[in-house]
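Here is a short tour of one protein chain, written to be read with the structure open beside it. Please have your viewer ready.

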Amino acid sequence: MIYLDNNATTVMPAEVKKEMLKWCNVGNPSADYESAVVARRLMEEFRLYIGKLCGINVCCKDVRDGETVGDSQYRIIFTSGASESNATVIHNTISNFQKPHIIYSAVEHKSIIDAVSHYVSLGLCVASAVPVTVSGHVSAESVARLMRPNTRLVCVMHANNETGAVNDIHAIGRVAHAGGAQFHTDAVQTFGKYFVRTADERGAINVDSFCVSFHKMGGPAGVGILCIRKGMLKTPLIFGSQNDWLRGGTENMPGIGASFKAMTLASADRTAKNLKQRDLKLALCKKLGARYPVIPYHTYFAMVEKPKVPTIVLISGVKNYLPGTLLLSIVGTRAKVCNAKIKKRLAEAGIIVSVGSACNTANTKASHVLYAMGADENIRAGTLRISMGDSNTMAEMTTFAAALCKCIEAI
């Protein structure tokens with residue numbers, strides 16, 4: 001199998017699965033027997049490791065060991081993943097402010113869009129969606145135009161899961177703070193490739209909180225973190241004594257142990273791995289360009305006369321995009337393209353990719369990202385997302401390019 005859907009989830013390496021088994025049957029981390037104390041130490045080490053990668057001082061001592069919460073910038077809370085973490089931040093804002101104004105981008109993960117929409121429907125907040133540019137990015141200027149005196153939270157993802165567009169979170173965070181709001185970023189797609197630096201080069205802290213899901217970097221599903229400035233989280237989503245009363249529930253030690261291992265593997269030689277993924281993306285575009293015209297999305301968007309011959313439109317770029325994410329669309333064929341059929345044919349050939357908005361879906365919001373970018377029906381019908389991981393190879397790009405060209409020829 002050639003697996004090119006790493007933005008959805010990644011494959012766990014053998015070392016990670018082995019580590020997961022190691023942390024089974026250690027008991028309840030809240031207990032006082034030896035294995036429980038060892039489990040708490042692991043969580044402490046994991047928090048410190050994340051803090052070091054992000055250049056932040058995290059509070060890691062556990063009150064269950066008789067420690068008091070020390071002086072720190074941030075708290076790292078273990079959660080079930082980014083969806084829970086996003087919900088926690090939004091719930092906290094709703095609970096602690098009277099009908100706050102929340103800003104979120106039009107291309108946020110559904111866990112943010114749906115949560116905010118729910119609270120709006122209950123009359124507990126008001127909200128504004130920030131539009132994106134034709135490149136899929138969120139600009140700080142667009143956020144600034146939506147700020148109000150009662151804006152209390154701004155949510156803009158670090159990178160989009162479909163396009164791979166990477167946003168300038170420090171510029172956006174500065175705008176949020178200038179207006180008296182807190183800034184939260186969903187770092188699911190970047191963490192493991194880049195590590196969130198909450199302070200800019202001048203030392204100004206612009207990011208109040210960010211979230212991570214470890215299954216995006218070789219870890220197990222159902223484990224993540226919320227990293228949040230100390231004192232910001234006053235009302236947890238799940239009550240209980242764990243995580244210093246900031247998130248209840250017995251900790252998932254097999255998942256946490258495996259995630260720690262996955263993160264150490266992912267962070268090793270990270271710059272070289274990112275360059276490799278970028279080279280794979282560029283090589284794939286070149287291989288496809290040898291058979292069909294390849295044009296960027298902004299060129300297609302500005303065309304009055306759309307292509308009449310099979311053409312590949314690159315919705316993702318290289319600069320300010322994730323290195324291994326390529327969102328493309330097939331347009332201009334004799335018959336209407338159906339990306340769901342192409343995906344199926346590729347799967348039959350042992351190649352796994354993703355589609356954002358399937359051609360045969362009745363749900364017009366299947367890919368809110370493409371709608372936000374003003375994509376027409378032809379772009380939406382022909383879109384495929386290819387997302388590379390650390391183990392993908394150049395030979396796989398050659399095989400995939402040939403298989404995709406064969407699918408296009410059959411349309």
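## About the model

This is a predicted model, in which local features need pLDDT of at least 70 and side-chain atom pairs count only at pLDDT 80 or more, while totals for chains, interfaces and linings use all residues. Residues are numbered from 1 along each chain as its sequence is written, and side-chain values use heavy atoms, with hydrogens and water left out.

Helices (H or I, at least four residues) and strands (E, at least two) are DSSP runs, numbered from the N terminus.

## Helices H2 and H8

Two packed helices are described by the angle between their axes and the distance between the axes. For H2 (residues 34-54) and H8 (residues 253-267), the angle is about 30° and the axes are 10 Å apart. Axes here are lines fitted to C-alpha atoms, for helices over the stretch in contact, and angles run from 0 to 180 degrees between N-to-C directions. H2 and H8 are therefore roughly parallel to each other (angles under 35 degrees). Their crossing is left-handed, meaning that the near helix is turned anticlockwise from the far one by less than a right angle.

Which residues meet? From H2, they are Ala 39, Leu 42, Met 43, Glu 45, Phe 46, Tyr 49, Ile 50 and Leu 53, and from H8, Met 253, Ile 256, Gly 257, Ser 259, Phe 260, Met 263, Thr 264 and Ser 267 (contact means heavy atoms within 4.5 Å).

## Two sides of H11

Helix H11 (residues 339-348) has Asn 339, Ile 342 and Leu 346 as its buried residues (under 20% relative accessible area, with a 1.4 Å probe and protein chains only). Seen down the axis of H11, they fall within an arc of 55°, so they line one face of the helix; the arc is that of the directions from the helix axis to the C-beta atoms. On the other side, Lys 341, Lys 344 and Glu 348 are exposed (over 50%).

The cover over the buried residues of H11 includes strand S12 (325-331) and helix H14 (394-409). Just after H11, Gly 350 takes a positive phi of about 85°.

Most residues other than glycine have a negative phi. Asp 244, however, has a positive phi near 55°. This residue is found in helix H7 (residues 242-245), and at 13% relative accessibility Asp 244 counts as buried.

Asn 320 also has a positive phi, of about 65°. Asn 320 lies in the loop between strand S11 (311-314) and S12 and, at 47% relative accessibility, counts as partly exposed (between 20% and 50%).

Technical notes:
Parallel < 35°, antiparallel > 145°, perpendicular 65-115°, else oblique.
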